[in-house]
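Subject: Structure for you, with notes

Hello,

Here is the structure I promised. My notes follow below it.

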Amino acid sequence: MKAICYNGIMDLRTETVPDPSILNSQDAIVRVTMSSVCGSDLHLLDGYVPTMREGDIIGHEFMGEVVETGPGVKKLRKGDKVVVGSILGCGECSFCQQQAWSLCDNSNPNAHIPEKLYGHAPAGIFGYSHAFGGYAGSHAEYIRVPFADNGCFKVPEGVRDESVLFCSDAFPTGFMAADMCDIRPGDIVAVWGCGGVGLMAMHSAYLLGAQLVIGIDRFPDRLEMARTKANAHVLNYEEVDVQEALKELTGGRGPDRCIDAVGMEAHSDGLDYLYDRAKQTVRLQTDRPTVLRETIIACRKGGTVSIVGVYGGLIDKFPMGAAMNKGLTLKMGQQHAQKYIPRLLDYVASGQVDPAYLLTHPMSLDKPMEGYKLFKEKKDHCLRVVFTP
Ligand SMILES: [Zn+2]
Ligand SMILES: [Zn+2]
């Protein structure tokens, strides 16, 4: 089959690789019909996630059709059209039982690698390095889906593919960002980053009762999406002082809930950005935490900072004093796909949210670098490139 393989920093190639096969009884083989790029893939391509190897198939946000099931798969049949969560969960361990699927104890066969850095291993993720399980990704014609009964969700009748695709990763990640905020009626929620996840966090914040959502970015077309599609009040940080503007919008208090939907490769105009960039370039710190610092400074006393932008390693100049003395609650994590997807499919099927607008650039598997460059440089109003094998 054809697949998009990692070959080094900003080097992807479309290669012919062996078809996947059933290895465990709970596996299914899915013929991929759509596979989206994601901001966290850029961290792989830019070399910030170690343990990538030449030939690894990337991609983790996808949907398709079940073509084969192992003998232990009970809920799925050949021919089922499914959307698949990007993170793997066994369904049996204490974390999965508590719906904390991205903390699964059994889905990462390479647990010993992240344990060295993190103390404990997170769950496996499709196409996301050997530290996260070494699973083949979804930018391919076929993919093996372990624990298929847990990770595959049947697409509701009458709903378009492009509307459910993002229930795999971007929508549950954004929804979890809002859910972690414990939003109360009247809350003002600020979201840094108006990419796919940020936009989904904005919709979700309103679904969960926010009174006002504020979107922050620097790309005018993304801000326009946040305004028109997600009904957000928007701030362009290249045009306004974000901290001042947020105070103005909140009667001086600061937003009740602040969401970091950017992560380790943040950009800003401040001096700290140049400092972070220099340290990251020579690998003295792995992540650029510009947005994280901003959320902590902006958040009102006693408020919540919710982090779904991905971080990989170490940061410095963390404003611990502000977080501590303002009594902030910090919540974070990789998304619990299996917990949220059924609810999100209901929102999509009932028309309350239609994430289809994220799909701006469908593309064949033959153009990996074209797709990722467009996405990385945010050219041509690109929100998401989707490969259609
Ligand atoms: Zn992702
Ligand atoms: Zn588990």
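What geometry does the site of the zinc ion (ligand 2) have? The site is tetrahedral, with angles of 102 to 118° among its 4 donor atoms (four donors count as tetrahedral if all angles lie between 85 and 135 degrees).

First, the ground rules. This is a predicted model: local features need pLDDT of at least 70, side-chain atom pairs count only at pLDDT 80 or more, and totals for chains, interfaces and linings use all residues. Residues are numbered from 1 along each chain as its sequence is written, chains are lettered from A and ligands numbered from 1 in the order written, and side-chain values use heavy atoms, without hydrogens and water.

**Zinc ion (ligand 2).** Its protein donors are the SG atoms of Cys90, Cys93, Cys96 and Cys104, 2.3 to 2.4 Å away (donors are N, O and S atoms within 2.8 Å of the metal, or 3.2 Å for Na, K and Ca; water is not among the atoms, so sites may look incomplete). Their spacing in sequence is C-x2-C-x2-C-x7-C. Cys90 counts as buried because its relative accessibility is 6% (buried means under 20% relative accessible area, with a 1.4 Å probe and protein chains only). Cys93 is buried too, at 8%.

**Zinc ion (ligand 1).** Cys38 (SG), His60 (NE2) and Asp169 (OD) coordinate this ion at 2.0 to 2.2 Å. The donor spacing is C-x21-H-x108-D. Cys38 and Asp169 are 131 residues apart and link distant parts of the chain. Both Cys38 and Asp169 are buried.

Best wishes

Key
Tetrahedral: all angles 85-135°; square planar, octahedral: opposite > 155°, others 65-115°. Buried < 20%, exposed > 50% of the residue type's maximum accessible area, 1.4 Å probe, protein only. Helix = DSSP H or I, 4+ residues; strand = E, 2+ residues; numbered from the N terminus.
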